[in-house]
Number of protein chains: 2
Amino acid sequence: MLPSAALFSASLRRKCSFSLRHRRRLHSVIEYPLTHPIYTIWASNTSVGKTLVSAGLSISFISSSSSSPIAKKKFIYLKPVQTGFPGDSDSRFVYTKLSEFLAYKQLPFSVFASNHFLKASVPAASAVLGNGIVDKDGNFGGGFENVMWYEERKLTGSESTESELPVSEVVCKTLYGWKEAVSPHLAAEREGAMVGDSELLDSLKRSLGNGVVGTCDNGEELEVMCVIETAGGVASPGPSGSLQCDLYRPFRLPAILVGDGRLGGISGTISAYESLKLRGYDVAAVIFEDHGLMNETPLLSYFRNRLPVLVLPSIPKDMSDDLISWFDDAQLIFTSLKEIMLSAFLKRTQRLHDMPKKACDIFWWPFTQHKLVPEENVTVIDSRCGENFAVHKFIDMLHITITNKKCRLTVRHAWISFRVSIGFLNNLMLVLVGGRRVPMLVCRRLQIELARDMGYTAARYGHVMFPENVYEPALELAELLLEGVGKGWASRVYFSDNGSTAIEIALKMAFRKFLNDNKVLVDLVNADINGRCMDLKVLALRGSYHGDTLGAMEAQAPSPYTGFLQQPWYSGRGLFLDPPTVSMYSGIWEVCLPEKMESEKRGQECVSFSSRDEIFKRSRDGTSLASLYRSFILQDLQLLSDSNGLSHIGALIIEPGKNIVQGAGGMQMIDPLYQRILVTECKSRKIPVIFDEVFTGFWRLGRETAAEMLWCQPDIACFAKLMTGGVIPLAATLASDAVFEAFTGDSKLKALLHGHSYSAHAMGCTAAVKSIKWFKDHKRNMNLISESRLLQELWDPNLVLQISLSPAVHRVVALGTLCAIELLAEGSDAGYGSTYASSLLKKLCEDGIYMRPLGNVIYLMCGPCTSPGVCLTILQKVYSRIQEFGQTE
Amino acid sequence: MLPSAALFSASLRRKCSFSLRHRRRLHSVIEYPLTHPIYTIWASNTSVGKTLVSAGLSISFISSSSSSPIAKKKFIYLKPVQTGFPGDSDSRFVYTKLSEFLAYKQLPFSVFASNHFLKASVPAASAVLGNGIVDKDGNFGGGFENVMWYEERKLTGSESTESELPVSEVVCKTLYGWKEAVSPHLAAEREGAMVGDSELLDSLKRSLGNGVVGTCDNGEELEVMCVIETAGGVASPGPSGSLQCDLYRPFRLPAILVGDGRLGGISGTISAYESLKLRGYDVAAVIFEDHGLMNETPLLSYFRNRLPVLVLPSIPKDMSDDLISWFDDAQLIFTSLKEIMLSAFLKRTQRLHDMPKKACDIFWWPFTQHKLVPEENVTVIDSRCGENFAVHKFIDMLHITITNKKCRLTVRHAWISFRVSIGFLNNLMLVLVGGRRVPMLVCRRLQIELARDMGYTAARYGHVMFPENVYEPALELAELLLEGVGKGWASRVYFSDNGSTAIEIALKMAFRKFLNDNKVLVDLVNADINGRCMDLKVLALRGSYHGDTLGAMEAQAPSPYTGFLQQPWYSGRGLFLDPPTVSMYSGIWEVCLPEKMESEKRGQECVSFSSRDEIFKRSRDGTSLASLYRSFILQDLQLLSDSNGLSHIGALIIEPGKNIVQGAGGMQMIDPLYQRILVTECKSRKIPVIFDEVFTGFWRLGRETAAEMLWCQPDIACFAKLMTGGVIPLAATLASDAVFEAFTGDSKLKALLHGHSYSAHAMGCTAAVKSIKWFKDHKRNMNLISESRLLQELWDPNLVLQISLSPAVHRVVALGTLCAIELLAEGSDAGYGSTYASSLLKKLCEDGIYMRPLGNVIYLMCGPCTSPGVCLTILQKVYSRIQEFGQTE
């Protein structure tokens, strides 16, 4: 099949201008169009006939009668990676076989067919173009020649007239070719022609994009089908060494799997299918060549109720056979396959089209006023790939009609799949839910590994009961937690399902410990068996949030979220203190004291810092500010014990380093000195200390546990959210031995009688083990410095300083993965209800940064593994828009 | 390699007596011993050299120097399934090659080697034994001949004396052979020799068991290694058609994967590995033959940090090569492999040994008084397979020492892996946690499919944010819930993480609906912004349980679980009614009225029923018992509104059909008539009705929703537990449109402000979609009758009646998947703390039924798909033990 250079040069034509001309019309975020079916052809092994299937499909698609007399047809065949090239060229094979078959069958209409070679390694390009005609005009890139080889053929139909334009079109393309007939990663290495994954995907995206734009050119109805043929098996390496099933995953195109009809082929086909599923692909059909071994029986049994299995007739072994009669024999099978592909495509697009309305009709989203969510605001999420989501958006400018005679379904608009960076989407979400949602940053490799671990764990354990049992994932997680976030103080792990339940458990623990430590009180309780005469309160910070179940709500100060209409049972069982906060104001880190403290301040307290690190120094314990804090804390505690003899503080609960204010002001960083003094004072009074690290835990503030920043340890701490790396709910309440001992005794009734059905469920524990290890592994998390105990600065300090100096900005807090910017605003412009920032956010949206206002505060939040480079790009855009904003205001 | 019949008959010896003699000494529940490493050898395809690896391992294991001068060595090679037999016999190949190699190498010690053929299809057996010597003595089974072929050889070592006993032993065995060289399922079908999966596993278990017993015979130290070689690829069908990776899964033996060094072999090796992982196998190493394609580079990259990849030298293509020098060349690789296997084994057993102590040290189990859990009571769960758990138990009778010179680790006791039916283990768990744990019954096929779906969903979605978004699993689940358990009344789905949070959300919904419907009250609330002057109560049944977070606790009546020491904030914000219950007493279904009602009963009320179905009839609404119920309900409601003007009932919450009493009495079935009247009365007063179906939902009581039994519908209903089929936490609160409307408005603050980070997480939704569909699918759930709306009787009605007639039994309730038996007991024998049932339970334990007492009540609980046959077997044993118990008392 080696085409001679002479033959090729005859029809050589450069098409560079084509793609350049059209590229501008497509928005750069477009991933691939949903105006027509695009499938990836995968195989369970090499040499099982992928290209025959592609060719068969092209024949079947082009030969079938159109749904409309005026509809044109276009079949696009893409071979991104071709080795053994040009001796082996699958795109040329498809082009040739289609042409031969159509010539033989004499269709009534004309077909215009073409075959393109875009880039090839130097050895491969030389073989195509001849050594003398190597392109030297500067289009060199990574050892590739821009071959831009092109051949075309017009197949005149039996009923065509000379003047008639071809009714249908077949476009075959090879994107990259290497000469040696080995695995692409080897060929790329040996021929010095490497192509990175994103470069390859970009090239593929362009080819897919061109396909669509082409359909718009003359406004005619056009039926399009596109197939992308991979190389080798599903997990064969691509040119960069990435497995192809990983390489193409960002597209997550629906798949056709070419199975193996040979001995051993049942196993190979099933395993290949499972590798595709483990990467989130949807397989529409399995097709394989009959080898007389009845492989279809077990395959049909395995795939029953899931997908169709099609069997192709045996392929003639005689190399001289032109396969024309085989294609003829197999045409019915290929037509079935084509129909399956079309119908799966239409089902998918119809569903995507219907989803927003259905969601508005039957979902009840948390923290959402449904009346304020129009259907067009609903985001359809098709999938996620690492930090990117594939979402579907309705593009009005494209009005392309796809009709299928079988389904008679008309999709009058095109859907385009976007990729949106998680930071943006999550910020959007974050604000929607009152600043409490946490974006779960999962880098792509972690997602792949987690997926396999999730499958493994479900297969190994499913669900197992926890009490009095032990199994590996739960034990390993408990060990990791005690060696990590609980190191030095915790000795027990209590599992539950989410942050709110973890807090409820922590409160129960703390109260018991308190009662146990205060024998007088216990006697009091024993005297009155109901014990309702005693009022146990929790010491907490005003504006704090610990969860939405009643017990967690009771530990937060009254706010619109705790009102009678939200939870009539809420009474606010705490003594709530006003904490001092720290932010950068005009380039300087400063303490902002609550009103009462500010008025009692005698002026000598140092409330500004030369650097952020100063804030966290233990030496601040001796300052007069520390005395001021202490005196206020003691004053409040005294007031309580004076008020009535029945109220006691049974626990302190704080979020170390942070305070999410639900109302105005957004996220605040509490002065760590103040929190440390609170902890010290409580400890000296035997009041158990709870650290709510549900949000702050696992590197959110730049350290695995935010407690490190306070230089003190709790008696109890709660973890959730980032703990599982973002795939599954799980929470843990860690406790010291002294807390645990308050529950031991001879009676079961003294035990902590709290639990949920899925306590310590194996899948959650496995996900947590994987994620915790991943985040603290230098080899995987490039942001780690200082013996894995600290993340490097993710938000460029100079830029943060510049932003804080902007006249439009009131204050900035950048710590760990968080960066909060409060705009300077007054009166009704300030606060939670303000729409002050909306013009700024609209501009940011134009930059591809999607955020929603939390009053006059805007947020950025990344993941523990997000590179500082990504953060810098975003922050730069934010800075530049803030500058503009400051000028227009 | 075809052995002639003559050669074989020379050394023919029957070994039947051996296995029979020893079998009795092994307990029937033993799965496989952990006294020595047992590995399964898998391959990524046919013809990649599995048997060469087995032979190489046997050579390496036997040739290596012993850790102790007196230690014997034993290598066991098992080939459960052999096609192309006896022409191809892998066990004979291993036997032959080992013998040849040892003879060539002249080891210092003697080796005794043997090869066994157990069963073969008639054509295969004829070829082994010659047509004349077919065994006809009745040992026929399913088209197999008990071939019992045996050959042996003593290889005298260079330093051996004539009288010396062989130091080491190699046992090779083929369990089943078929003549045709095709896939086992085809051969089995064509030769009419079928073997079921469990029969094959039994045979394998016996061969493994014999291996251990053999080690005990002379008390000598023995180093044993066993390998089981599969046929074809990992997912090649076994004789029954089950894929081998599924067939052998109950053992879940650690695996060695023989990879593929050919073109396409990278993909095949990775996919095969992923298929093993998707079934919960642990792979210790990958090994493959070098074909000069550098397949190790991408494989090493893929397997980095996970497992070692070993490369074998190329195998001579010359068929006449005896491979002796190849084995010699490869010996270093095989020795590495053997060391990897030994060290992984020792790591595993050491970990299993350490787990109970570690669990006691660092876990804090829910509902558990740790002081009452000695280390030896902790169950180590290795894995789960459908309804069976593999647990590890310490068997004292076996004292076998395994030493490994490398690790110098001594395991002085043997661990045996048991399989325990889930019903038993869960009952054990159920009782441990106060009757509230729910066993999650997952049949094996469902587990396999769920595992793949979990991997797929993690790969496709990971975690995605829910508010204002839509993605397929969440939408499909919401649709399924509204068409299923919410049909006819629910229009919205609110997702959360567990039953307790679902209840908290339901209460918030109900209260808002109530306030909205009672405008006078709303004005009252508006007047006093804090609204604390109004006391909203919930109407609930005494003894009910709705969860452990504070809000859910407040909806239950005071009990030891709600005491001050457990949750000082609990106050019991309900009006708690005493409900009438229904049970079978001495063969007759009767109502048991609460004391107060009993005393006011005028005698004419009919309180017994001719059948259980009578209890659920709507016609009971007109009976005088209904009037009695109604008058008591009205009386209680009247009392509340008389007490003070501030208390109002804002919601009714019931578990339809059921009431779990935490204290004495165990599970009770509430008279459905009473519950229906309650619902009717509340609805007429515009009090929103909540059905807590967390426990009863999804077929627990024989119907998808227990609400059906009450002939009435709630305004709000909660689901969790069985919803996901038992792999992952997820809960849903369903609501009517009227409830939803109470939250719509122009302000976000009117929305339901409750949520958790993982709301509607994709993996939970996917698991729920799969499970809900599975349970109601006739093809999968054989228990479904009556158009999928009802489960057949799982507990044989006659046997239930017989049990209720037993003098030892007070009452029985059998409904759906539940069967509760209360023993007749008086005084201190009755109630939660009683140990009355302990002698009965000890006897049941001897029958393999592990239960713990919940006072004088014992429980049986199966899954929606458990066959009535399994239930019958268990119930029969229970009945017979209860009869004995009645006689001894």
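Two residues are in contact if their C-beta atoms, placed from the backbone, lie within 7 Å. This is a predicted model: local features need pLDDT of at least 70, side-chain atom pairs count only at pLDDT 80 or more, and totals for chains, interfaces and linings use all residues. Residues count from 1 along each chain as its sequence is written, with chains lettered from A and ligands numbered from 1 in the order in which they are written.

**Stop 1: two helices in chain A**

Select helix α3 (residues 50–63) and helix α4 (residues 90–105) of chain A. Helices (H or I, at least four residues) and strands (E, at least two) are DSSP runs, numbered from the N terminus. The two helices pack at an angle of about 40 degrees, axes 9 Å apart. Angles run from 0 to 180 degrees between N-to-C directions; axes are lines fitted to C-alpha atoms, for helices over the stretch in contact.

Now show side chains. From α3(A), T51(A), S54(A), A55(A), S58(A), I59(A) and S63(A) meet residues of α4(A), among them F93(A), L98(A) and F101(A). The contact holds six nonpolar, four polar and three charged residues (nonpolar: Ala, Val, Leu, Ile, Met, Phe, Trp, Tyr, Cys and Pro; charged: Asp, Glu, Lys and Arg; polar: the others, Gly among them).

**Stop 2: the sheet in chain B**

Move to the open sheet of nine strands, order β5-β4-β6-β3-β7-β2-β8-β9-β10, with mixed pairing. Strands pair if DSSP finds at least two bridges between them. Its edges are β5 (144–155) and β10 (309–312) of chain B.

Next, select β8 (residues 255–258) and β9 (residues 283–289) of chain B: they pair in the parallel sense over four bridges. L257(B) has V286(B) as its bridge partner in β9(B).

Finish on helix α11 (residues 324–362) of chain B, which packs on the sheet and touches β2 (38–43), β9 and β10.
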